[in-house]
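Visitor: I am new to this structure. Please take one part and go through it closely with me.

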Amino acid sequence: MHAPDAPATTDAPIDSGGGRFVFRAGVFDAPTLRRALTRIAHEIVERNHGPDGVVLVGLYTRGVALAHRLAVSIESFEGVSVPTGALDVAFYRDDIGLRPVQPLGPTEVPDITDRTVVLVDDVLFTGRTVRSALGALLELGRPRAVQLAVLVDRGHRELPIRADYVGKNLPTKVAEDVQVRLSEVDGGDDGVEIWGPPETGGPRGEVVA
Amino acid sequence: MKHLLSIDDLGGRAGIEEMLDLTDSFVEVTRREIPKVPALRGKTVVSLFYEDSTRTRLSFETAAKRLGADTMTFSVSSSSVKKGESLLDTVQTIEAMGIDAIVVRHSAAGAAHRVASWTAASVVNGGDGRREHPTQGLLDAFTLRRHRGPSLDGCRVAIVGDIRNSRVARSNVRAFHALGCDITLVGPPTLLPESLVGWPVRVSYDLDDVLGEVDVVSLLRIQRERIADALFPSLREYAHRWGLTAERAARLKPDTLVMHPGPMNRGIEIAAEVADSPRSLVTEQVANGVAVRMAVLWTLLGSGGPVV
């Protein structure tokens with residue numbers, strides 16, 4: 001699932017009732033995605049005064065892959081291996097019973113007590129997945145602090161949640177879909193694209209930089 | 001999926017494997033310091049047990065609680081059944097209290113199906129007579145897959161004992177067969193089903209013949225409460241010919257596993273030292289039972305969209 005909060009999250013082209021989604025715009029290609037992640041890796045280390053005490057926890061599916069990439073990146077310039085984990089939020093979602101929900105993989109999180117946990121996801125949309133992730137995470141221990149890193153912030157928040165590290169702020173319409181491709185998950189080249197219904201309408205979402 | 005009444009409700013190999021994959025997520029939950037998730041908050045699961053049970057009832061109730069659901073327990077001995085209340089009236093009474101799932105155990109085959117036809121709640125068959133016990137089949141398949149998986153294709157399983165009276169055997173044969181296992185039923189002719197037409201199994205009357213060539217020995221409890229007639233001369237003779245004694249266990253391949261759904265008759269179908277040996281998966285089966293039942297309850301009550 002590319003944007004876990006989005007109503008339609010399947011492979012393109014997407015059928016969304018009103019018709020098939022069409023390609024709108026390329027956001028990241030492989031080199032720009034890599035640079036954005038490298039920048040986030042540096043920001044994480046800078047904000048936390050070094051990599052010590054940081055734990056990177058990815059949200060299934062693509063957040064897990066991104067967390068591993070951030071760890072590799074941090075190790076390359078700090079020489080320190082940052083612990084990583086994988087978090088499944090299905091059982092903490094607020095839309096159980098409203099739409100089909102399935103866990104995407106087993107939660108595997110290292111000790112987070114008194115650590116700074118950086119939650120990692122691909123797309124930040126309504127904020128409901130992150131809310132679920134906070135619920136899931138805090139049952140596993142009491143971190144010193146929790147931060148949020150996302151590859152894309154597409155706006156349209158429904159909860160008071162913001163990201164600490166953002167690859168790109170991307171104005172979108174609610175009906176559109178942000179598709180993230182990561183080679184280790186999806187095969188092919190890395191990339192981020194906006195897809196949407198053929199007819200455009202409605203205002204672009206506001207994004208706070 | 002609305003009900004789980006038979007292994008067949010899972011839709012064959014793909015559906016069974018999906019449920020076993022899902023169970024992995026719940027095994028992780030059960031190993032946490034706080035082994036509980038709020039996935040089924042506000043749901044109520046009732047266990048309606050017309051037969052005695054320790055592990056199945058406790059396992060379902062633990063599973064429901066670890067998913068955040070509320071549980072109610074109905075046991076015949078302390079209920080209005082003693083005053084003559086029928087199964088239908090009992091189900092309607094329970095349903096009127098506002099519930100989401102009923103786990104049914106009954107001595108009559110098909111009882112869970114009947115309950116499912118009467119109620120809007122989801123029904124899980126917790127054992128109906130000799131017919132089926134699907135969550136036991138799932139947890140045995142899950143336990144076996146953890147040791148011999150991910151694929152069980154060609155895994156040689158001997159199911160030994162009172163096959164005729166065993167719902168566990170029926171559910172296990174369905175589940176193991178769907179996953180590609182090679183199944184041999186072993187026991188005295190009097191404890192094998194009247195007809196084996198349609199059973200995807202081989203049969204042996206002699207445990208010693210199959211000992212050296214199987215990957216798993218699954219022993220069934222001799223159900224003394226279901227044996228009306230003398231189907232074998234004595235328990236001592238049964239243990240001598242079909243029990244997994246320490247001497248027989250020594251002739252198993254070094255990596256052959258031993259399973260038993262419980263409760264065990266130590267010294268009859270399984271020797272105590274075999275039950276407690278490293279090759280025994282008995283306690284692991286119980287532990288996995290909770291996770292499997294969490295997966296089942298989640299699938300029935302949590303995973304779907306709006307109920308129409």
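Which residue is the bridge partner of A:V57 in β4(A)?

Guide: The partner is A:L119. Keep in mind that this is a predicted model.

Strand β4 of chain A covers residues 116–124. Of its 9 residues, 8 are buried, so the strand is largely enclosed by the rest of the structure. Buried here means that 20 or more other C-beta atoms lie within 10 Å of the residue's own.

Now look at the strands paired with β4(A). One is strand β2 of chain A, residues 54–59. β2(A) and β4(A) run in the parallel sense, with 5 bridges between them. The pair A:V57 and A:L119 belongs here. Another partner is strand β5 of chain A, residues 145–153. That pairing is parallel too, over 8 bridges. In it, A:V146 of β5(A) stands opposite A:V117.

Along the sequence they follow the pattern β-α-β-α-β-β-α-β-β-β-α-β. The chain has 209 residues, and 46% of them count as buried. Take the contacts between residues at least 6 apart in sequence: 69% of these join residues at least 24 apart.

Next comes the neighbour. Chain A has 15 residues in contact with 14 residues of chain B. On the chain B side, 6 of the residues are nonpolar, 5 polar and 3 charged.

Helix α5 of chain B runs through residues 134–148. From first C-alpha to last, its 15 residues reach 21 Å, close to the 21 Å expected at 1.5 Å a residue. In α5(B), 12 of the 15 residues are buried, so the helix is largely enclosed by the rest of the structure. Among the buried ones are B:P134, B:G137, B:F142 and B:R145. What do the buried residues of α5(B) pack against? The helices are α1 (12–30), α6 (167–178) and α11 (282–301) of chain B. The strands are β4 (122–128), β8 (216–219) and β9 (257–259) of chain B.

How values were computed
Residues numbered from 1 in each chain as written. Chains lettered and ligands numbered in written order. Predicted model: local features only at pLDDT ≥ 70, side-chain atom pairs only at ≥ 80, totals over all residues. Helix = DSSP H or I, 4+ residues; strand = E, 2+ residues; numbered from the N terminus. Pairing = 2+ DSSP bridges. Contact = placed C-beta atoms within 7 Å. Nonpolar A, V, L, I, M, F, W, Y, C, P; charged D, E, K, R; others polar. Expected span 1.5 Å × (residues − 1).
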